[in-house]
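Subject: Model handover

Hello,

Here is the structure we talked about. Please open it alongside this note; the findings follow below.

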Amino acid sequence: MTSARTTGVEAGRAVLDAGEIRRALTRIAHELLERNKGADDLVVVGIPTRGVTLARRLARRLEDIEHRAVPLGELDITMYRDDLRSQPVRTPAATTVPDGGIDDRIVVLVDDVLFSGRTIRAALDALGDLGRPRAVRLAVLVDRGHRQLPIRADHVGKNLPTSLLERVRVRLTEVDGVDEVRIADLPAVEGH
């Protein structure tokens with residue numbers, strides 16, 4: 001029996017390809033600049049792992065449009081998660097704050113998938129320990145619904161209504177060797 005891993009074919013159906021991901025990030029960049037009336041005071045902060053990659057791409061798009069660099073950072077949320085006791089041990093990633101910090105700046109928090117809202121809640125707690133932004137805006141590549149907390153994204157690449165029995169998988173070239181978003185059924189649990 002061959003698996004998706006051994007054949008190199010990913011399970012599920014593709015819902016975004018490389019071009020669609022690129023266009024979504026370009027649209028988000030334009031939305032951010034329009035809402036903010038330019039790049040003044042913007043700071044882009046990514047949540048590891050794929051949120052950091054998307055934040056780097058978004059910062060490059062903003063720079064291409066505005067012809068100036070937009071400060072970029074990374075925010076590790078490991079110690080702010082509410083599932084530390086129930087999840088396997090996690091290795092904290094780096095948190096990097098751009099020069100000038102985040103105080104009185106517009107922080108654009110970037111993640112790959114918005115689901116329950118718990119990751120974003122942890123990110124907001126972590127940001128609070130770093131400073132006091134004037135505002136925080138959330139940009140995600142995919143919003144799949146099923147919120148457990150009252151959190152919504154300000155900028156969404158694609159809304160993907162899903163069932164709780166499905167998994168959304170974002171794969172990015174810098175991490176996974178390919179740009180795509182796929183939806184697949186979760187594997188059945190034996191005995192159920």
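Val 156 is in contact (heavy atoms within 4.5 Å) with Arg 27, Ile 28, Val 140, Leu 141 and Asp 143, leaving aside its neighbours within four places in sequence. This is a predicted model: local features need pLDDT of at least 70, side-chain atom pairs count only at pLDDT 80 or more, and totals for chains, interfaces and linings use all residues. Residues are numbered from 1 along each chain as its sequence is written, and side-chain values use heavy atoms, with hydrogens and water left out.

Val 156 lies in strand S6. Helices (H or I, at least four residues) and strands (E, at least two) are DSSP runs, numbered from the N terminus. Val 156 counts as buried because its relative accessibility is 18%. The cut-offs: buried is under 20% relative accessible area, exposed is over 50%, and partly exposed is in between (1.4 Å probe, protein chains only). Leu 25 is 131 residues away from Val 156 along the chain, yet their C-alpha atoms are separated by 9.0 Å.

**Cores**

A nonpolar core here is a set of buried Ala, Val, Leu, Ile, Met, Phe, Trp, Tyr and Cys residues joined through side-chain atoms within 4.5 Å. The largest one has 30 residues. Val 44, Leu 58, Val 108, Val 110, Leu 141, Val 142 and Val 181 have the most contacts inside it. Elements that each supply at least two residues of this core include strand S1 (13-16), helix H3 (50-66), strand S5 (135-143) and strand S8 (180-185). H2 gives the most, with 7 residues.

Beyond its neighbours within four places in sequence, its contacts include Val 15, Ile 21, Leu 141, Leu 160 and Val 168.

**Strand S2**

S2 is mostly covered, with 5 of its 5 residues buried. Leu 42, Val 44 and Gly 46 are on one side, Val 43 and Val 45 on the other. In a regular strand the side chains alternate between the two faces of the sheet.

Two strands pair if DSSP finds at least two bridges between them. S2 and S4 pair in the parallel sense over 5 bridges, and Gly 46 stands opposite Val 110 in S4. S2 also pairs in the parallel sense with strand S3 (residues 72-74), over 3 bridges. There, Val 45 stands opposite Gly 73. The chain crosses from S2 through H3 to S3 in a right-handed β-α-β crossover. Right-handed means that, with the strands pointing away from the viewer, the path from the first strand over the helix to the second runs clockwise.

**Thr 162**

Thr 162 is found in the loop between S6 and S7. Thr 162 counts as buried because its relative accessibility is 12%. Its side chain makes a polar contact with the side chain of Arg 144 (2.9 Å). A polar contact is a pair of N or O atoms within 3.5 Å; within protein, one must be able to donate a hydrogen and the other to accept it, and residues adjacent in sequence count only if both atoms are side-chain atoms.

**Backbone points to check**

- The peptide bond from Pro 48 to Thr 49 is cis, with omega near 0°.
- Lys 37, in the loop between H2 and S2, has a positive phi of about 55°.
- His 67, in the loop between H3 and S3, has a positive phi near 60°.

Most residues other than glycine have a negative phi, and most peptide bonds are trans.

Best wishes
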